[in-house]
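Here are some notes for a first reading of this model. They take up the core, the salt bridges and the surface charge in turn.

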Amino acid sequence: MSKPQSERPFADNEAAAHGRMIKSSARKLNLVAQMIRGKEAGQALAMLTFSKRRIAGEVKKVLQSAIANAENNHQLDVDRLVVAYATVGRALVMKRFHARARGRGARVEKSYSNLTVVVRERAEQATGETA
């Protein structure tokens with residue numbers, strides 16, 4: 001016996017990818033995620049490729065994974081994909097100490113974040129072209 005299959009959390013025209021334990025604070029990661037929200041998938045990839053922020057490479061990997069999931073697992077058209085939403089959340093924070101003068105110690109917090117990117121297939125638009 002196995003447990004019953006859980007309900008799919010996304011619509012039929014959506015696909016998602018998750019990035020767990022990304023080495024950046026949620027605040028910094030959210031700045032990059034904010035750039036791609038609502039953009040077409042190809043345009044978002046181009047923006048991330050040429051972004052100067054270090055974490056843009058990790059966000060690009062997660063977006064590419066979401067696009068691949070849409071194409072291979074859900075048979076969605078890659079050319080009509082739009083970044084529906086990108087959510088950022090906090091993961092663990094490692095606490096470390098840095099030695100300072102006179103026997104003191106300063107606390108150093110190394111924060112990690114989680115990222116979820118959901119791409120959605122745009123509805124077919126009537127262009128009015130005739131063959």
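1. A nonpolar core here is a set of buried Ala, Val, Leu, Ile, Met, Phe, Trp, Tyr and Cys residues joined through side-chain atoms within 4.5 Å. In this predicted model, the largest such core has 26 residues. Those with the most contacts inside it are L48, V59, L63, L81, L115, V117 and V119. At least two core residues come from each of β1 (14-22), α1 (26-36), α2, α3, β2 (81-99) and β3 (105-121). Helix α3 gives the most, with seven residues.

2. The count of salt bridges comes to six. One of them joins R80 and E121, with the closest N and O atoms 2.9 Å apart. This pair links distant parts of the chain, as R80 lies in the loop between α3 and β2 and E121 in strand β3, 41 residues apart. E121 counts as buried, at 15% relative accessibility. Salt bridges with shared partners join D77, R80 and E121 into one network.

3. Within helix α3, E58 and K61 are three residues apart, about one helical turn. Their side chains meet in a salt bridge at 3.7 Å, N to O. E58 is partly exposed, with a relative accessible area of 33%, whereas K61 is exposed at 51%.

4. R107 and E109 also form a salt bridge, their closest N and O atoms being 3.7 Å apart. R107 is exposed, with a relative accessible area of 52%.

5. Which residues gather in a patch of positive charge on the surface? They are K23, K28, R53, R54, R96 and K110. R54 sits in the loop between α2 (41-49) and α3 (56-72), and is exposed, with a relative accessible area of 63%.

Technical notes: Residues numbered from 1 in each chain as written. Predicted model: local features only at pLDDT ≥ 70, side-chain atom pairs only at ≥ 80, totals over all residues. Heavy atoms only, no water. Patch = residues over 30% accessible without salt bridge, like charges linked within 9 Å, V, L, I, M, F, W, Y side chains within 5 Å. Areas by Shrake-Rupley, 256 points an atom, 1.4 Å probe, with all protein chains shown as cover. Salt bridge = Lys/Arg side-chain N within 4 Å of Asp/Glu carboxyl O. Lys, Arg positive; Asp, Glu negative; His and termini not counted. Charge placed at Lys NZ, Arg CZ, Asp CG, Glu CD. Helix = DSSP H or I, 4+ residues; strand = E, 2+ residues; numbered from the N terminus. Buried < 20%, exposed > 50% of the residue type's maximum accessible area, 1.4 Å probe, protein only.
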